[in-house]
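Please look over the sequence and the structure first.

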Amino acid sequence: ILSAMFTVTAFSQEMPLSEYLPAVDALPEWKQEYEPEYYSPGDLFQYINGEAELYRDYGFQRVVTVPYIHADNTDLSFTVDIYDMRTPLNAFGIYSSHRRPDHRFGSIGIEAVISRTSVRFWQEKYFVRIQAGALDQEVTTVIKETASIISGNLPHAKIPDELSLLPEEKRISHSLKYLRAGFMGQAAFGDVLQAEYASPADTCLGFVAWFSNEEKADAALK
């Protein structure tokens, strides 16, 4: 009982996600279209109905979302989402589910996928997604600037040890993924780290799965 009470108290004292958003004067030509909205595991489907279950599978705790519009041109807009995924490994997992090796990457946060209309990055236990509302160079510039500001506001942590379980030699860049369930359609597998590897002759998929005890690992192998 004492342990449960401590957990609830600690969670309630976490910094509000809105504190990581850019300060009012950080983006002088932009303003929040309306107050930030918050969602929890129980109502996330109201915001991202098609992806809510995926986020919950990766330990989703809470999200803040807020749209920004240009002060002089309301046709220009973008939306910021900051997801608390409970652990850095979970944050990497949901981030890795949104990336492919052929994407364009940047150094915002631990790593970012950057395009003309979006920026997605992970840092500590947070996954951040910034989506442009219009294809416009000014919006493309400001979403990258916003991502950098948020990264500077977020806490920093070392990369989870689990991400070093697979070797880097001959690994296809940016192919590393963390899966919570359903690896290759096998119900016996839960937590899995996978990556693609290439040689001049062929490609293959390498993976490491971990379990709570040796018996479960042996059963999954069989």
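Does M184 count as buried or exposed? M184 counts as exposed, because its relative accessibility is 61%. The cut-offs behind such words are these: buried is under 20% relative accessible area, exposed is over 50%, and partly exposed lies in between, with a 1.4 Å probe and protein chains only.

The model is a predicted one, in which local features need pLDDT of at least 70 and side-chain atom pairs count only at pLDDT 80 or more, while totals for chains, interfaces and linings use all residues. Residues are numbered from 1 along each chain as its sequence is written, and side-chain values use heavy atoms, with hydrogens and water left out.

## The chain as a whole

The protein chain holds 5 helices and 11 strands. Helices (H or I, at least four residues) and strands (E, at least two) are DSSP runs, numbered from the N terminus. Along the principal axes, the C-alpha atoms fill a box of roughly 65 × 55 × 30 Å. The protein chain has 222 residues, and 39% of them count as buried. Contact here means heavy atoms within 4.5 Å. Among contacts with a separation of 6 or more, 61% join residues 24 or more positions apart.

The chain carries 19 positive and 31 negative charges, whose mean positions are 5 Å apart. Lys and Arg count as positive and Asp and Glu as negative, with His and the chain ends not counted; the place of a charge is NZ of Lys, CZ of Arg, CG of Asp or CD of Glu.

## Cores

A nonpolar core is a set of buried Ala, Val, Leu, Ile, Met, Phe, Trp, Tyr and Cys residues joined through side-chain atoms within 4.5 Å. The largest one has 30 residues, and L44, Y55, Y83 and M85 touch the most other members. Two or more residues each come from α2 (52-57), α3 (88-96), β9 (177-179) and β10 (191-198). Helix α3 gives the largest share, 5 residues. Leaving aside neighbours within four places in sequence, Y55 is in contact with L44, I48, F60, Y83, M85, I94, H98, F127 and R129. Another core lies apart from this one; it has 27 residues, including L76, F78, I143 and A147.

## Helix α4

How many residues does helix α4 have, and what span should they cover? Helix α4 (residues 137-153) has 17 residues and should span 24 Å at 1.5 Å a residue; its end C-alpha atoms are 25 Å apart, which agrees. The expected span is 1.5 Å times one less than the number of residues. Its buried residues are V139, T140, V142, I143, T146, A147, I150 and S151. An α-helix has 3.6 residues a turn, so residues three or four places apart point the same way. Among the elements that cover the buried residues of α4 are β1 (30-32), β4 (77-84), β7 (118-123) and β8 (126-132).

## Single residues

The table lists the accessibility of several residues.

| Residue | Relative accessibility | State |
|---|---|---|
| L193 | 0% | buried |
| Q194 | 14% | buried |
| E111 | 15% | buried |
| R86 | 46% | partly exposed |
| D72 | 71% | exposed |

Not counting residues up to four places away in sequence, Q194 touches L166, S175, L176, K177, L179, F183, L205, G206 and F207. With close sequence neighbours within four places left aside, the contacts of L193 include E162, L163, Y178, V208 and W210. L193 and G206 are 13 residues apart in sequence and 8.4 Å apart in space, C-alpha to C-alpha.

E111 lies in strand β6 (residues 111-114). Beyond four places in sequence, its contacts include Y95, R99, R120, W122 and H174.

D72 sits in the loop between β3 (62-70) and β4. From D72 to A201 there are 129 residues in sequence and 56 Å in space, C-alpha to C-alpha.

Most residues other than glycine have a negative phi. R86 is not a glycine, yet has a positive phi of about 80°; R86 is in the loop between β4 and α3. M184, also not a glycine, has a positive phi of about 50° and is found in the loop between β9 and β10.
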